[in-house]
Amino acid sequence: MKNIYFSDETVSGNDLYFLCYMIERIARRLHQRNRYVVNAIEKEEWRHLISVANVLHCENPLQVEDDWIETYGLQKGSFDITNVDSELVRKIPTETQMGKVYSRLIEDTRQPEEDYVDGMVRVYNDEICYTIDNYNCSAYYEPSYVIARAYNEGGF
């Protein structure tokens, strides 16, 4: 995918990872599902954000959260991803870990005609996210090729 501002620059997998990391941070902060954050921001805005991700990752993540919440009018919800059974889950995965899970899934299942933004919207709107985001099971902990295979086959 080409950077929309500099045609000689290519958007990287690290830029995608940054967006997935920020989606996870904002969703947790607002008590929303990741798909809410993805769908609340238009695709053209995501193309802008991924094109400036190499700059945004140098900013304070809390400030980036505040900016995105205000700019895109993101609202608080009632879903708490950290509400888990303590008998089953000793440690909740971090935002960085889940950002990696999702960026790998997007890259591993990306179609030839898709850019990162189209792949991101496709993956975050798939039903498999309900399983990956259920920390009472271990789907998020599986190797990336297992998660990609489950995605391609319609579930675990």
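1. Contact here means heavy atoms within 4.5 Å. Residues 24 or more positions apart supply 73% of the protein's contacts that have a separation of 6 or more.

2. This is a predicted model, in which local features need pLDDT of at least 70, side-chain atom pairs count only at pLDDT 80 or more, and totals for chains, interfaces and linings use all residues. Residues are numbered from 1 along each chain as its sequence is written, and side-chain values use heavy atoms, with hydrogens and water left out.

3. The protein has nine helices and zero strands, where helices (H or I, at least four residues) and strands (E, at least two) are DSSP runs numbered from the N terminus.

4. The radius of gyration, taken over C-alpha atoms, is compared with a globule rule of 2.2 Å times the number of residues to the power 0.38. For 156 residues a compact globule would come near 15 Å, and the protein agrees at 15 Å. Along the principal axes, its C-alpha atoms fill a box of roughly 50 × 35 × 25 Å.

5. Of the 156 residues, 44% are buried (under 20% relative accessible area, 1.4 Å probe, protein chains only).

6. Asn-3 lies in the segment before α1 (13-30). Is this residue buried or exposed (over 50% relative accessible area)? Asn-3 is buried, at a relative accessible area of 7%. Its side chain reaches the backbone oxygen of Ser-51 at 2.8 Å. Neighbours within four places in sequence aside, Asn-3 is in contact with Glu-9, Thr-10, Val-11 and Ser-51.

Methods: A polar contact is a pair of N or O atoms within 3.5 Å; within protein, one must be able to donate a hydrogen and the other to accept it, and residues adjacent in sequence count only if both atoms are side-chain atoms.
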